[in-house]
Amino acid sequence: MAGFWKRLVPKRFRKKGVTIPVVRLHGAIMAGGSQFKQTLNLATVAPMLDKAFAHKEAPVVAIAINSPGGSPVQSRLIFQRIRALAEEKDKKVLVFVEDVAASGGYMIALAGDEIFADPTSIVGSIGVVSGGFGFPELLRKIGVERRVYTAGENKMILDPFQPEKEGDIEYLKSLQLEIHKVFIDMVKMRRGERLADDATIFSGLFWSGLRGLDLGLIDGLGEVREVVKRRYGKDAKLELIGSARTLFGRRVPGVVFGEGKSAEIAAGAATGLAASLEERALWARYGL
């Protein structure tokens, strides 16, 4: 019916070219966030995804990813939301890698029916990593005695203030293997026969876009504007779907106003600093 009424409108008044909504997912993937540092997680990206897939006339939704990874849970939740919306709205998804889509970033990229990247993009890192620090000797040197009381013999597993225990390490590795298997199964399910027969694909290594194409991790080289206009014509337009803004136009969640909020602001600043350091470490793994 919509097509019938559109034909009644004179050509000179008709809207030229199809409009493709674009959602840009940039940053580390973390469950938390603050007014000082917004991160990628389902809560922050869901409104943008809902808005993009609500475009009735758009044949596809484009998603631009620039992420070094982070939380496997949030990565998988975002992946699942994209696929659920694609099926519900009957739309294809085109994913475009910017600087990097590695680890959790690549897990999200798997939601695309097709994945494109720049020849110099970084893709892959299909693995699981955990890290931390140990301080048992520091406490002894500064004369501090740590006192912890638990119910449950494993409540202090991986405590950074106690010497490492072989059993703790083995348990952590068993969890990593389970998560790694989930990741591998997702890659095989989404990429299928496009994957090359190469054992290093699931080793945690990462590659350039050129090598990623050879391995079957992506489908082509190119950026969003170029690919969209090649497929949908020179009159095709891109519409960037932004995140929600406050009254003052700031794209930050949970901004605190009013008196008596200095403690909350200070706590938010500290959380933001910690998140920034963690995010910087994630980017640094890929030389970025």
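The model I am reading is predicted.

Next I checked the geometry of the pair. The α2 and α3 axes come within 10 Å and cross at roughly 15°. Angles under 35 degrees count as roughly parallel, so α2 and α3 are roughly parallel to each other.

I then listed the residues that meet. From α2 I noted Leu-42, Val-45, Ala-46, Leu-49, Asp-50 and Phe-53. On the α3 side they meet Gln-74, Leu-77, Ile-78, Arg-81, Ile-82, Leu-85, Ala-86 and Lys-89. Sorted by class, this contact has ten nonpolar, one polar and three charged residues.

I turned to the cores. The largest nonpolar core holds 43 residues. Leu-25, Ile-63, Ile-82, Tyr-106 and Leu-217 have the most contacts inside it. Elements giving two or more residues to this core include α2 (42-53), α3 (72-89) and α6 (166-191), along with strands such as β1 (19-26) and β2 (60-67). I also found a second, separate core of eleven residues, with Leu-94, Phe-96, Val-227 and Val-228 among them.

I followed up Leu-217. Setting aside neighbours within four places in sequence, I found Leu-217 in contact with residues including Tyr-106, Ile-115, Val-123, Arg-191, Leu-195 and Trp-207.

Last, I went to Pro-72, which sits in helix α3. Is Pro-72 buried, partly exposed or exposed? Its relative accessibility is 37%, so Pro-72 counts as partly exposed. Beyond four places in sequence, Pro-72 contacts Met-107 and Ile-179. Pro-72 and Met-107 are 35 residues apart along the chain, with 8.3 Å between their C-alpha atoms.

Conventions:
Residues are numbered from 1 along each chain as its sequence is written. This is a predicted model: local features need pLDDT of at least 70, side-chain atom pairs count only at pLDDT 80 or more; totals for chains, interfaces and linings use all residues. Side-chain values use heavy atoms; hydrogens and water are left out. A nonpolar core is a set of buried Ala, Val, Leu, Ile, Met, Phe, Trp, Tyr and Cys residues joined through side-chain atoms within 4.5 Å. Buried means under 20% relative accessible area, exposed over 50%, partly exposed in between (1.4 Å probe, protein chains only). Helices (H or I, at least four residues) and strands (E, at least two) are DSSP runs, numbered from the N terminus. Contact means heavy atoms within 4.5 Å. Axes are lines fitted to C-alpha atoms, for helices over the stretch in contact, and angles run from 0 to 180 degrees between N-to-C directions. Angles under 35 degrees count as roughly parallel, over 145 as roughly antiparallel, 65 to 115 as roughly perpendicular and the rest as oblique. Ala, Val, Leu, Ile, Met, Phe, Trp, Tyr, Cys and Pro count as nonpolar, Asp, Glu, Lys and Arg as charged, and the others, Gly among them, as polar.
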